[in-house]
Amino acid sequence: MIELKNIEKYYANKGVKSYILRHVTTTIKQGEFVSIMGPSGAGKSTLLNILGMLEEPTYGEYNFMGEDVTAMNERKRIELYRNHIGFVFQAYHLIDEMTVAENIEAPLLYKKIPGSERKSRIADILDRFNMVAKKDLFPNQLSGGQQQLVGIARALVAQPSIILADEPTGNLQSVQAEQIMDLFKKLNEEENITILQVTHSERNAQYGNRILTIEDGVIKEDVKVSS
Amino acid sequence: MFKLNLKIALRNLWKNKSYTLINVMGLSIGMASCILIYVFINYQLSFDQSFVNKNRIYRVITKMDIDGVVDYSGGVPIPLAPAIREELPQIEKVAAIQKSGGIVKVDDVNGKERIKTNEDVYFAQPDFFEIFKVKWLSGNPMQSLQQPNTVTLTKETANRYFGNWQNALGKTIRFENTLDLKVSGIIDELPINSSFPLKIIISYATFPRSTNTSWRSLRTNSNCYVLLKEGVDEQEFDKALTQFSKKHYSDPKITGKRGNLLQPLSEIHKDERTMNFANQTTPMKSIIGLGIIGIFLLLTACINFINMATAQAIARSKEVGVRKVMGSSRKKLMIQFMSETTLITFISILLACVIAELSMPIVSNLMDTLVVFSFFSNAGIFVFIAILLLLVSFLAGFYPALIMSRFSPALAVKNKGIISAGVGSLVLRKTLMMVQFAITTLLIVGTSIVIWQMKYVREKPLGFNRESIAMVNLPYDSLSQTRYQLAKARILAIPGVKQVSLCNTAPSSALNHDTNFSYNSPVAADFTINTKFVDQDYFKTFGLQLIAGRNISKSDTLKEYVVNETLLKRLNITNPNEVLAKPLIVDGKKALIVGVVKDFNNVSLKETISPIVISSANSEYETLAIKLESTNVVQTMQSIEKEWKSIFTDGVYGASFLDDQINSYYQAERVTGVLFKLFAALIIFISFIGLFGLVSYVASQRTKEIAVRKVLGASTIELIRMLNSSFLRMVLISNLVAWPIAYLLAVKWLSNFVYRIELSVWPFVLAMCVSLLITIITVSLRSYKVTKANVIDALKYE
């Protein structure tokens, strides 16, 4: 599903190149649950941003579902966002002015899904996440864990084939964090959704089935998790 | 989608209530001013536009060239109309009309006097109403205005005189106690936005001088209107008119060169060179000036909005990022932000309409016009408001939308978007701010100069006493003339009256009579002289000073002349005693000069003092000048009125104060002054808001820097000073830009006045101080809050 070949990212400053990523080559298959780990500043988030097409690599080849992303125009990229990629952020990034239900509805609007189907999908997902009673609340009326659940619900409602999560539990307490990770595992196993998460936590990484360890911009380790 | 966007926009506005309030206030004030200016301009441009054939109607005016000094008059010699009718075939219709005025008396059925008023009347040829089509309720031009001693009234006038216009037909009204006029026609009221305030129209055949054949005498009140045949070119006709003028103005007694030309109907209200019957002109340049001020106001309001919106953008960068990764295109985001702007504009425009509607009476009072502002009477206003809505939404919304939608999602979700997107746009925003401040400076300089000059005009000694002098009119029929001396004696006896003088005009007057004269030479001098007819008490009443010779002695007819200093200067005479006892011929009448009076301003301070000759002539007096004690004025005036009415039983009493008359010369300047003050205040207010927005933006952008500096030990004062310095620099630059422009405009405006203040550096210094002060206050207020904020909050994330 994802193929990275020799991805490099550096910033040139007065002729000195400071590398963030070097020679990153890897393949991620449909249905995998990959955790990216490594110390601060190793380039984890940059790698995730490149995978999520929020940043462009300086060099290298990136194929998403067989298509070359680096050569893609904005319209095509927006298409991918709408249909294939769901984002989950550490700081949730819900839109403060919208209620829970409206936040979840937003991606469906961009996907131009008709009103009746939107309603049923939102009802469905609220039901699955046990949040029906909270649908008219605003984000600041929810706890962090609940906000992150909304964040995930929002990412899922568009039925993406991959979820990119940047430290999804970074701001959460451990009980809530466990809930979220359980949810990811369930989604991965039951619905075959590819999940890519950046995490600091060894425990969270164990929920997945593969761990990529990055140090100083280079992939140091690529191990399978035995469950 | 639209519904959701609208909902979010409303929630956003509600969340940032103070920003919203400031934005809405700035925009609505700006737009309300624009609406008012539009209504005013629209009203001015609509003058005389309601007549059919309006594009073929012209007034014939007269151009006078005396020694290179060109002057225009809206009047024509009386024989001009018949001559044009005879000689120029390009004309479809031509009509003479004469403005006059006098006492109109209406009796009731029993022959008792019902109404006695002083009215303007017009002597018009029937063709006048063939050129200007009006609605005839009864009669028609040919029937009603052909015979002598017939009169046509407007419906309202007829209602006023006879209770009901249907009753008016066949009744008589008496004009000037001598002429009985039979009502033979009723027309509908002329529109208020016309230069023809006709109420009483008397047939031209009744006009005593209607068959006058002199091409020499020219009166502003004798007008001639023509309707050109279809397809006749104005310029070609003007050529024919030049030929025509050459033929008719050959009389060698005519001073200077004269000729006639056409003035289009649409120009009559706008051409300040010529007067019209309504005594009201609004020159195109003031209309344009007002339009420019409107554009300025709108611009400052939009600049504000841009500054405020981009300042707010930081808070919304996260939303942009999230929306982008959810699959929103840039276009969609732009539409979203633009629709938010449109919403604010829409709210503001509703408010602006309310403000405009409420302030309409004040404005029309100020402009001395009756502007009617009603949403249902003027369809054009809807179009204007719609255009205003779109224009402001676009001007104010496009740039912020462009900036916000450009945020890179990767940076935006980490709240870093502003830093990269902000650098380039801050330059633009600062430029906009400087434009705003330059406009503010311009208006402050302008306002202070106008105020200074008007103060100077009010306080400058005019060379005569103008306080507590009442000017009371005199009836000028021959019977009343015999009672002038009696009136003078009786009024002088009233307690509270210090001096009384009979005269035709006050020393300074808007009504002037200039004529030819000769001194020490058989031929007339190459300039004219201003004549004043007064009695021997004139000098005492007005406190005029003689520099040579003596006052005129008591006489009912012309006996002696007193001249002014300016005349001597124009004749190159240095010793005033030289002219004493020399003969002077004015308008063909010869008498000796007995005195020279010290110069006094006989016209407004916009013009130089004329050469003046003063003499006595009972038949020319029109006014009683009464010098009053400054206490008990009201009571004294009542006694004067009572006395006056008992002497002139057939007359209509009218009085005014000289001070008010003189102040009325500067009505236009007074309006300019008030407008300047008003718009300066508005623009200062709007700029203040805008500055507040920009400071907020900069402060939030530099929150981290400020926090770090605080941790390093900077005091609040030092931080405020730091933030102030860059803004003060901007204000100084905009001052430097605005000064030359302000200087040029001020010089141009002051050149309207012959007597004017010296342009000093103070207005400019004042403008700078005011703008600096405003900046310091705003920046300090806003940045104090930022510097007081908790350091930890600013440094926590990163």
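Of the 798 residues of chain B, 40% count as buried, a residue being buried if 20 or more other C-beta atoms, placed from the backbone, lie within 10 Å of its own, exposed if 12 or fewer do, and partly exposed in between. The structure is a predicted model, in which local features need pLDDT of at least 70 and side-chain atom pairs count only at pLDDT 80 or more, whereas totals for chains, interfaces and linings use all residues. Residues are numbered from 1 along each chain as its sequence is written, and chains are lettered from A and ligands numbered from 1 in the order in which they are written.

Chain B contains 24 helices and 23 strands; here helices (H or I, at least four residues) and strands (E, at least two) are DSSP runs, numbered from the N terminus. The C-alpha trace of chain B spans about 100 × 65 × 55 Å along its principal axes. Two residues are taken to be in contact if their C-beta atoms, placed from the backbone, lie within 7 Å. Among contacts in chain B between residues at least 6 apart in sequence, 81% join residues at least 24 apart.

Chain A has seven helices and ten strands. Its radius of gyration is 18 Å, close to the 17 Å that the globule rule gives for 227 residues, so chain A is as compact as a globular protein of that length. The radius is taken over C-alpha atoms, and the globule rule is 2.2 Å times the number of residues to the power 0.38. Along the principal axes, the C-alpha trace of chain A spans about 55 × 40 × 35 Å. Of the 227 residues of chain A, 42% count as buried. Contacts in chain A between residues at least 6 apart in sequence join residues at least 24 apart in 70% of cases.

The two chains meet in a contact that takes 18 residues from chain A and 17 residues from chain B. On the side of chain A that touches chain B, the elements giving two or more residues are helix 2 (74-83) and helix 3 (100-110) of chain A. Helix 3 of chain A gives the most to this side, with five residues. The residues of the side of chain A that touches chain B comprise eleven nonpolar, two polar and five charged. In this division Ala, Val, Leu, Ile, Met, Phe, Trp, Tyr, Cys and Pro count as nonpolar, Asp, Glu, Lys and Arg as charged, and the others, Gly among them, as polar.

Helix packing within chain A was examined next. Helix 5 (residues 144-157) and helix 6 (residues 174-191) of chain A pack at an angle of about 15°, with their axes 10 Å apart. Axes are lines fitted to C-alpha atoms, for helices over the stretch in contact, and angles run from 0 to 180 degrees between N-to-C directions. Helix 5 and helix 6 of chain A are therefore roughly parallel to each other, given that angles under 35 degrees count as roughly parallel, over 145 as roughly antiparallel, 65 to 115 as roughly perpendicular and the rest as oblique. Helix 5 of chain A passes helix 6 of chain A in a right-handed crossing; a crossing is left-handed if the near helix is turned anticlockwise from the far one by less than a right angle, and right-handed if clockwise. A:Gly144, A:Gly145, A:Gln148 and A:Ile152 of helix 5 make the contact with A:Gln176, A:Gln179, A:Ile180 and A:Leu183 of helix 6 of chain A. These residues divide into three nonpolar, five polar and no charged.

Helix 5 of chain A also packs with helix 4 (residues 115-128) of chain A, the axes coming within 10 Å and crossing at roughly 140°. Helix 4 and helix 5 of chain A are therefore oblique to each other, and their crossing is right-handed. In this contact, A:Arg121, A:Ile122 and A:Ile125 of helix 4 meet A:Ala153, A:Leu156 and A:Val157 of helix 5 of chain A. The residues involved are five nonpolar, no polar and one charged.

Individual residues complete the description. A:Glu190 lies in helix 6 of chain A and is exposed, with 8 other C-beta atoms within 10 Å. A:Asp216, in the loop between strand 9 (210-215) and strand 10 (218-224) of chain A, has a positive phi of about 50° although it is not a glycine. A:Asp216 is partly exposed, with 14 other C-beta atoms within 10 Å. In chain B, B:Asn520 is found in the loop between strand 15 (517-519) and strand 16 (529-533). Phi of B:Asn520 is near 60°, a positive value in a residue other than glycine, and B:Asn520 is exposed, with 12 other C-beta atoms within 10 Å.
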